[in-house]
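Work through the exercises below with the sequence and the 3D structure open. Try each task before reading its solution.

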Amino acid sequence: MLANCEKLRPLLSGLLHGQYGQQIAGMKFFAPPIKYDNIQIPEKPKLRFMDKVPQLPSNLRAPKMQKKLKWMRGPELVHNSLVHKQYGIVATGGGRLRWGHYEMLRLTIGRKMDTSRMFAIWRVEAPWQPVTKQGQGQRMGGGKGAIDHYVTPVKSGRVIVELAGELEFVEAKKILDIVCPKLPFKAMVVSQEMLENMKAEEERLERENLNPWNFKYILQNNLGGCHRWLSPVDHKWFGKYL
């Protein structure tokens with residue numbers, strides 16, 4: 001037995017020391033577990049059902065609207081932060097949510113999440129903007145068509161849905177990555193830390209920029225006669241939001 005230990009000693013010493021004599025093996029460090037003392041799971045943790053058609057009084061006829069592209073262009077200035085400071089889906093482009101997208105989000109997230117320690121909330125209202133459509137095969141004219149369906153316009157930076165509770169980002173990303181590519185606009189799964197880092201990086205780039213010939217300067221001074229082909233949206237957002 002002692003002879004075997006003497007034979008293993010050089011081998012073990014070679015494993016514990018690297019090429020330059022430094023010690024390789026050592027104490028492992030594990031980060032302390034995250035505490036969820038302030039998390040309270042609501043009575044109904046799943047996403048609630050959204051109405052396909054808005055409820056109107058019986059004496060009111062459903063109004064028709066224009067497209068109002070301004071409701072989809074530009075940055076979201078109100079609902080652009082996470083309420084529970086954990087995880088969610090944020091739109092990176094403008095678009096419209098139909099009722100089918102709400103059902104896809106509700107059913108998929110409801111199936112994948114663990115309701116004993118997770119909960120999800122909506123950050124967008126139910127479909128409310130009417131979209132009209134002419135009947136199939138009709139000739140031009142005849143007035144505005146009948147209401148076909150309802151949508152919810154979304155701007156870039158709008159939080160669509162939040163997932164919170166006793167979970168980490170890896171678990172939330174695995175669930176939200178299933179529904180994120182199916183949305184009718186570009187979106188990404190984010191955490192509170194990611195949102196803070198993105199905001200800080202944007203401020204740093206603007207603060208440390210050394211090039212005065214940016215898009216804003218070129219547009220405001222009409223360099224190269226760019227006013228002839230740029231749209232009013234470019235004059236407002238300087239090429240950031242299309």
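This is a predicted model: local features need pLDDT of at least 70, side-chain atom pairs count only at pLDDT 80 or more; totals for chains, interfaces and linings use all residues.

Residues are numbered from 1 along each chain as its sequence is written, and side-chain values use heavy atoms, with hydrogens and water left out.

**Exercise 1.** Find which residues of the largest nonpolar core touch the most other members.

Solution. Start with the term: a nonpolar core is a set of buried Ala, Val, Leu, Ile, Met, Phe, Trp, Tyr and Cys residues joined through side-chain atoms within 4.5 Å. Buried means under 20% relative accessible area, exposed over 50%, and partly exposed in between (1.4 Å probe, protein chains only). The largest core has 28 residues, and I89, L97, L105, I109, I160 and L163 touch the most other members. Next take L105: leaving out residues up to four places away in sequence, L105 touches L47, G110, W122, I160, V179 and L183 (contact: heavy atoms within 4.5 Å).

**Exercise 2.** Decide whether H149 is buried or exposed, and list its contacts beyond four places in sequence.

Solution. H149 has 18% relative accessibility, so H149 counts as buried. Beyond four places in sequence, H149 contacts R98, Q129, P130 and V131.

**Exercise 3.** Count the disulfides.

Solution. The rule asks for a pair of cysteine sulfur atoms within 2.5 Å. By this rule the count is zero.
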